Amino acid sequence: MVHSDSDPPLLNHYGTLLCHSTQCDEPQTRVTMEECQLPLIDLCDLGSDDEMVRRACAAAICKASSEWGFFQVVNHGISSQLVDNMRSEQVKLFRAPFETKANSGLLNNSYRWGSPRATCPNQFSWSEAFHVPLTKVSDEACYGDFKSLREVMTCFAAAMSELSRLLAGILTDNLGHWKQASISNICDETTCFLRLNHYPACPISPEIFGLVPHTDSDFLTILCQDQVGGLQLMKDSKWVTVKPNKDALIVNIGDLFQAWSNDVYKSVEHKVVSNATTDRYSIAYFLCPSYDSLIESFVKPSIYRRFTFREYREQVQEDVRKTGYKVGLPRFLLKGSEDLTTTTTTESNTRLYIPSITAKS
C-alpha cells in the first residue's frame with residue numbers, strides 16, 4: 001500500500017490550474033479508444049542460422065518504424081528476473097516520502113513531478129519521474145539510502161543500451177547509400193538517459209493525462225511498462241490504446257531519427273492516460289546524441305534544415321515555455337518542404353532495404 005506522504009501535490013497544482021486557467025480549451029470527455037496490437041517482432045530471429053530469417057526480421061523492424069513508428073520486441077535479451085527486480089526497486093523508490101524524493105538529491109537530483117510550465121489542465125501530467133543521465137546510473141553517491149537500486153539499475157541500463165544500439169544499427173543500415181554516419185559515433189553512455197516513471201491513481205477526473213501528448217526528442221526510445229495500460233498513440237489520425245504484453249518491450253522512433261531518415265521513419269505522437277484506481281509504472285531508455293551533434297538528412301531534397309541536438313532542445317524548451325506545448329520538427333522544415341513530407345510518406349514503404357544480418361554469437 002502506498003503511503004499518503006509519498007505522493008507529490010498533484011491535486012493542489014491541478015486544482016489551481018482548473019480554477020485560474022482561461023488559455024486552453026476545456027478538457028474533453030474521454031471516449032472509448034480502439035485497442036491495437038503493435039507489430040510484434042521476435043529478435044531471436046536475428047540470431048538464426050538462416051540468412052533469410054535474419055533479413056526478414058530486420059525488414060520487419062524497418063517496416064514497423066516506417067508505418068507505425070512503434071513496435072514491440074520479444075526475446076530481447078533482458079531477462080524477466082532483471083525486469084522484475086528493477087520494477088520492485090522502482091516501486092520502493094517512489095513509495096519514499098515526497099520530501100525525500102524532491103529534496104535529498106536522489107539520482108542526480110533528477111526528480112520531477114506534474115508540469116511546472118502548465119498554464120491550463122490540458123497541459124498537465126499526473127505523474128512523477130526520475131530522469132537520470134546514464135553517466136550517473138553507477139554513481140554510488142546518487143542513491144542515498146536506496147543502495148540495492150544501484151546494482152539493479154546499472155545492469156538494467158546496460159542491457160537497454162545494448163538493445164538500443166542493436167535496433168539503431170539495423171535501422172541505420174536500412175538507409176543504404178543514404179547513410180554517411182553511424183549513430184554509434186554520436187550516441188554513447190554520456191548522452192543517453194533512463195527515466196523511471198510513476199503514474200499515481202487519479203480518481204478525480206477521467207480526462208487528466210498521465211503524460212501529455214508528445215513526440216520524443218531522441219533517436220529512439222525503449223519502454224518497459226507494467227500491465228496496467230494507458231499508453232496511447234496516434235495511428236491513422238486517431239488515438240488507439242496499446243495493449244500491454246508482459247513479455248515485450250515497446251520501441252518507438254524519436255524526432256531525430258525521423259529527421260535523419262528524411263521521414264522514412266516516423267516519430268509518432270503518443271500519450272499516457274490516467275487510471276482512476278491503479279498506479280502505473282514504466283521505465284524508458286532514451287537514445288540521444290551529444291548536444292553538438294549535427295542532425296541532417298543525406299537524402300536530397302531534404303525536408304528539414306540542418307540543426308544540432310542542442311538547438312533542437314532549446315527550441316523545444318522555448319516553445320514549451322511560451323505556449324505550454326512542444327512543436328518539434330515542424331519548426332525545422334525547409335521552405336516549400338511541406339509537399340515533400342507527403343511524397344516521402346507515400347514512398348517510404350519502397351525505401352525498406354533488407355540488410356544482411358550476421359547471426360549473433
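This is a predicted model: local features need pLDDT of at least 70, side-chain atom pairs count only at pLDDT 80 or more; totals for chains, interfaces and linings use all residues.
Is N75 buried or exposed, or in between? Partly exposed, because its relative accessibility comes out at 47%.

There's another asparagine to look at, N109. You'll find N109 in helix α5, residues 106–109. N109 counts as exposed, because its relative accessibility is 53% and the cut-off for exposed is over 50%.

Eight strands make an open sheet, and the order is β2-β3-β11-β8-β13-β6-β5-β4, with mixed pairing. At the edges we have β2, residues 40–42, and β4, residues 111–113, each pairing on one side only. If you ignore direction, neighbouring strands in this sheet are turned by 25 degrees against each other on average.

β4 runs antiparallel to β5, residues 128–133, and three bridges join them. If you want a pair to click on, R112 stands opposite A129 in β5.

Now the helices that lie over these strands. Helix α3 lies across β5, β6, β8 and β13, and runs at about 110 degrees to β13. Helix α6 lies across β3, β5, β6, β8, β11 and β13, at about 135 degrees to β8.

So how do α3 and α6 sit against each other? α3 is residues 80–94 and α6 is residues 147–173; they pack at an angle of about 130 degrees, with the axes 9 Å apart. That makes α3 oblique to α6. The crossing of α3 past α6 is left-handed. For those of you who like side chains, the α3 residues involved are L82, V83, N85, M86, E89, K92 and L93, and they meet S148, L149, V152, M153, C155, F156 and A159 in α6. Sorted by class, that contact has ten nonpolar, two polar and two charged residues.

α6 has another partner, helix α2, residues 51–67. The axes of α2 and α6 come within 9 Å and cross at roughly 80 degrees. These two helices are therefore roughly perpendicular to each other. From α2 you have A58, I61, C62 and S65, and from α6 there's L167, I170 and L171.

Last stop is strand β12, residues 270–273. Which residues point which way here? H270 and V272 go one way, K271 and V273 go the other, and all of them are buried. As a general point, side chains in a regular strand alternate between the two faces of the sheet.

Strand β7, residues 209–214, is antiparallel to β12, with three bridges between them, and L211 has V272 as its bridge partner. β12 also pairs with strand β9, residues 231–235, in the antiparallel sense over three bridges. There, Q232 stands opposite K271.

That's my tour, thanks everyone.

Key:
Residues are numbered from 1 along each chain as its sequence is written. Side-chain values use heavy atoms; hydrogens and water are left out. Axes are lines fitted to C-alpha atoms, for helices over the stretch in contact, and angles run from 0 to 180 degrees between N-to-C directions. Helices (H or I, at least four residues) and strands (E, at least two) are DSSP runs, numbered from the N terminus. Angles under 35 degrees count as roughly parallel, over 145 as roughly antiparallel, 65 to 115 as roughly perpendicular and the rest as oblique. A crossing is left-handed if the near helix is turned anticlockwise from the far one by less than a right angle, and right-handed if clockwise. Contact means heavy atoms within 4.5 Å. Ala, Val, Leu, Ile, Met, Phe, Trp, Tyr, Cys and Pro count as nonpolar, Asp, Glu, Lys and Arg as charged, and the others, Gly among them, as polar. Buried means under 20% relative accessible area, exposed over 50%, partly exposed in between (1.4 Å probe, protein chains only). Two strands pair if DSSP finds at least two bridges between them.
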